[in-house]
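I opened the notebook to go through this structure one feature at a time. Entries follow in the order I looked things up.

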Amino acid sequence: MRDADLIETVMRYHERTKHHFDRYAPGPGELDWANQPDPFRRYEGAPLVSLPLLGPDDEPLSPGYDALYRRGSVSSEALTIRSLSRLLQYGLGISAWKQAGAVRWALRCNPSSGNLHPTEGYLLIGAQPGLGDAPGLYHYAPLEHGLERRAAFSARQFSALMAEFPPQAFLVGLSSVHWREAWKYGERAFRYCQHDVGHAIGALRLAAATLGWNATLLHGLADETIEALLGLNRAEDFAGAEREHPDAMLAVWPAEPPAQRPLPTQLDAALVHQLTREGWRGAANRLSRDDPVRWEVIDDVAIASRKPATEAPAFDTPQEPAIESNDHAPDDGPAAGQIILQRRSLLACDGATSITAEAFYRMLARVMPHGDLPPSQRPMPWDTIDWDPTLHLGLFVHRVDGLAPGLYALVRGPAALGRLKHAMHERFEWSTPPGCPAGLPLRLLEPGDARRLATRLSCHQNIAGDGIFSLGMLADYQEALFTHGAWFYRRLFWEAGLIGQVLYLEAEAAGVAATGIGCFFDDPVHQVFGLQGLAFQSLYHFTVGGSVGDPRLVQGSASSRAVSHSRTSNSSWW
């Protein structure tokens with residue numbers, strides 16, 4: 001297909017899967033509980049290496065949460081089986097369990113729409129004591145907190161593939177099982193799978209930061225190469241099982257001594273082919289009792305948005321000052337690991353809790369990517385992506401002490417300010433709220449009580465109006481697709497998920513809670529802000545507020561191998 005045809009397919013999907021006041025995007029109508037997909041993939045016949053279950057007081061200790069955002073403030077941990085365990089625990093691991101009657105289900109550090117978890121994680125790493133005496137590809141099994149060895153690779157070929165990366169660098173791959181979301185959400189599920197990829201990217205980057213490690217996406221990589229490297233193109237290993245779709249590949253590495261080197265954003269496709277020709281183990285388990293319901297528009301948009309190999313500038317590894325220890329400084333706030341593990345998606349807001357303007361400004365400052373800087377110099381986790389910011393926040397502020405309630409905008413890239421002003425209602429005032437830091441481009445658009453409006457726009461969900469504030473993420477949609485291509489559609493949602501991941505943890509650090517909102521009325525949101533056409537599109541909603549307790553939370557600790565699970569999802573969105 002031509003580029004224009006691919007873009008048209010993506011845009012048709014986006015229009016078709018919008019929610020409207022008088023109708024929702026096509027979905028299943030009712031849930032077939034007997035056919036709900038298993039949230040845990042396993043590869044039968046692949047050897048499982050159990051990772052050590054680490055408590056909060058076990059090495060490696062977590063630094064303070066605020067230290068993650070000060071470049072060079074966290075010393076780099078050695079690459080060991082324990083530090084790998086911590087990375088996967090904080091990035092993709094189980095954080096707690098809930099129970100209702102006889103039904104029990106797991107929560108994870110990486111949020112997921114409906115707690116359905118379409119995202120799978122893989123690790124490509126060299127020989128490591130306690131893991132394997134040869135390089136290999138591993139699939140992460142969160143229920144067991146273990147790594148399944150899918151393939152053993154030649155040490156010579158692995159060294160050739162990773163020759164341009166920093167010493168001890170390894171790769172983390174992400175894929176999606178679209179059926180896990182489509183089972184509940186139908187055609188809109190492809191959007192939610194991409195949100196989840198963005199959340200997983202953010203969770204992994206933050207987990208790496210707790211170890212003093214760096215991470216970045218390999219932006220130039222083709223989906224076909226990711227597919228081959230993760231073994232997702234091996235039809236014989238998925239016979240009778242639901243397929244996975246390639247998403248992202250991150251390079252992760254312990255911080256180096258101060259010495260910059262350009263980091264490749266590609267992998268040699270010929271070397272990948274040689275590396276993956278043999279040595280595979282295991283067959284994917286079937287996730288549902290019956291065959292998945294086929295949603296053709298999801299298949300179409302998945303094909304249209306596949307990424308080809310692209311040119312991407314080399315990533316300069318950041319210069320990191322030497323740090324002697326990770327002793328937790330009192331002014332660094334609570335331990336980062338505590339914040340990560342206690343993150344929950346709030347189910348209801350109390351309608352009363354407020355925060356100070358200072359706390360509000362701090363949250364918003366953390367989602368600013370500083371796109372004027374080279375990617376390697378941007379604040380974590382925005383050093384993970386190489387594109388200029390494409391999403392801006394339209395905020396519904398309800399309960400921020402010292403701030404007038406109303407509609408606000410946070411423009412995350414200065415180049416978009418003029419176009420957003422031109423695109424939105426002429427009556428908006430675009431004034432700077434009192435006490436707003438000079439470097440934070442937050443603007444009051446229109447004062448007023450926006451609680452009922454926020455609730456109505458978010459599919460009549462009270463969490464949007466009962467919280468401290470809620471927001472819609474407005475993407476620079478049309479220009480991004482025409483500039484990059486249809487494949488960039490998925491990246492827009494990844495950026496949205498990354499913003500959401502930062503806000504989740506910021507809310508926890510501020511003593512409140514948050515949740516993503518996937519259900520909202522798309523075009524009515526645009527109308528509220530005066531947006532017409534396809535220049536800007538709302539891709540994801542989010543709310544922060546005082547949480548009402550959930551009595552179903554029965555185990556607030558990390559993954560436990562002794563706990564069985566039932567195949568049911570949390571009733572919350574995320």
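**Entry 1: the disulfide**

What is the handedness of the disulfide of Cys459 and Cys519, and why? I read the torsion about the S-S bond as about -85°, so the disulfide is left-handed. A caution for every entry: this is a predicted model.

The two sulfur atoms of Cys459 and Cys519 sit 2.1 Å apart. My count for the structure comes to 1 disulfide. The pair links distant parts of the chain, 60 residues apart. Cys459 lies in the loop between helix H12 (451–457) and strand E19 (469–476). Cys519 lies in the loop between strand E20 (513–517) and helix H15 (522–529). I find both Cys459 and Cys519 buried.

I then checked other cysteines. Cys193 is buried, with a relative accessible area of 0%. Cys436 is buried as well, at 13%.

**Entry 2: salt bridges**

How many salt bridges does a search of the whole structure find? I get 32. I looked at several of them.

Lys18 and Asp523 meet through their side chains, 2.8 Å from N to O. This pair links distant parts of the chain, 505 residues apart: Lys18 is in the loop between H1 and E1, and Asp523 is in helix H15. Lys18 counts as buried, at 1% relative accessibility. Asp523 is partly exposed, with a relative accessible area of 22%.

Next I took Glu148 and Arg42. Their closest N and O atoms are 2.6 Å apart in a salt bridge. This pair also links distant parts of the chain, with Glu148 in strand E7 (residues 146–152) and Arg42 in the loop between H1 and E1, 106 residues apart. Glu148 counts as buried at 0% relative accessibility. Arg42 counts as partly exposed at 24%.

The side chains of Asp449 and Arg451 form another salt bridge, 2.7 Å from N to O. Here Asp449 is exposed, with a relative accessible area of 54%. Arg451 counts as partly exposed, at 37%.

I also noted a network of salt bridges that links Asp66, Arg362, Arg366 and Glu506.

**Entry 3: Arg343**

Which side chain of opposite charge is nearest to Arg343? I find Glu508, 6.5 Å away. Side chains of opposite charge can pair when their charged atoms come close. The cut-off for a salt bridge is 4 Å. Arg343 is buried yet has no salt bridge.

I placed Arg343 in the loop between helix H9 (336–342) and strand E14 (355–356). Its side chain has a polar contact of 3.4 Å with the side chain of Ser345. Setting aside neighbours within four places in sequence, I list the contacts of Arg343 as Arg108, Cys109, Pro111, Gln501, Tyr504, Leu505 and Glu508.

**Entry 4: Thr17**

Thr17 is in the loop between helix H1 (3–16) and strand E1 (43–44). Is Thr17 buried or exposed? Thr17 is buried, with a relative accessible area of 0%. A polar atom of the Thr17 side chain lies 3.3 Å from the backbone oxygen of His14. Beyond neighbours within four places in sequence, Thr17 is in contact with Ala25, Glu187, Arg188 and Arg191.

**Entry 5: helix H4**

I checked burial along helix H4 (residues 178–185). All told, 8 of the 8 residues are buried, so H4 is largely enclosed by the rest of the structure. The buried residues of H4 include Arg180, Glu181 and Lys184. Trp179 and Trp183 are also among them.

What do the buried residues of H4 pack against? I list strand E5 (119–125), strand E8 (170–176), helix H5 (189–210), strand E10 (245–254) and helix H8 (296–304). Just after H4, Gly186 takes a positive phi of about 65°.

**Entry 6: strand E17**

Strand E17 (residues 406–410) is mostly covered, with 5 of its 5 residues buried. Which way does strand E15 (residues 391–397) pair with E17, parallel or antiparallel? The pairing is antiparallel, over 5 bridges. Gly394 stands opposite Ala409 in E17.

E17 is also joined to strand E18 (residues 442–447) by 5 bridges, and these two run antiparallel. I find Leu444 in E18 as the bridge partner of Tyr408.

Notes:
Residues are numbered from 1 along each chain as its sequence is written. This is a predicted model: local features need pLDDT of at least 70, side-chain atom pairs count only at pLDDT 80 or more; totals for chains, interfaces and linings use all residues. Side-chain values use heavy atoms; hydrogens and water are left out. Helices (H or I, at least four residues) and strands (E, at least two) are DSSP runs, numbered from the N terminus. Buried means under 20% relative accessible area, exposed over 50%, partly exposed in between (1.4 Å probe, protein chains only). Lys and Arg count as positive and Asp and Glu as negative; His and the chain ends are not counted. A polar contact is a pair of N or O atoms within 3.5 Å; within protein, one must be able to donate a hydrogen and the other to accept it, and residues adjacent in sequence count only if both atoms are side-chain atoms. Contact means heavy atoms within 4.5 Å. Two strands pair if DSSP finds at least two bridges between them. A disulfide is a pair of cysteine sulfur atoms within 2.5 Å.
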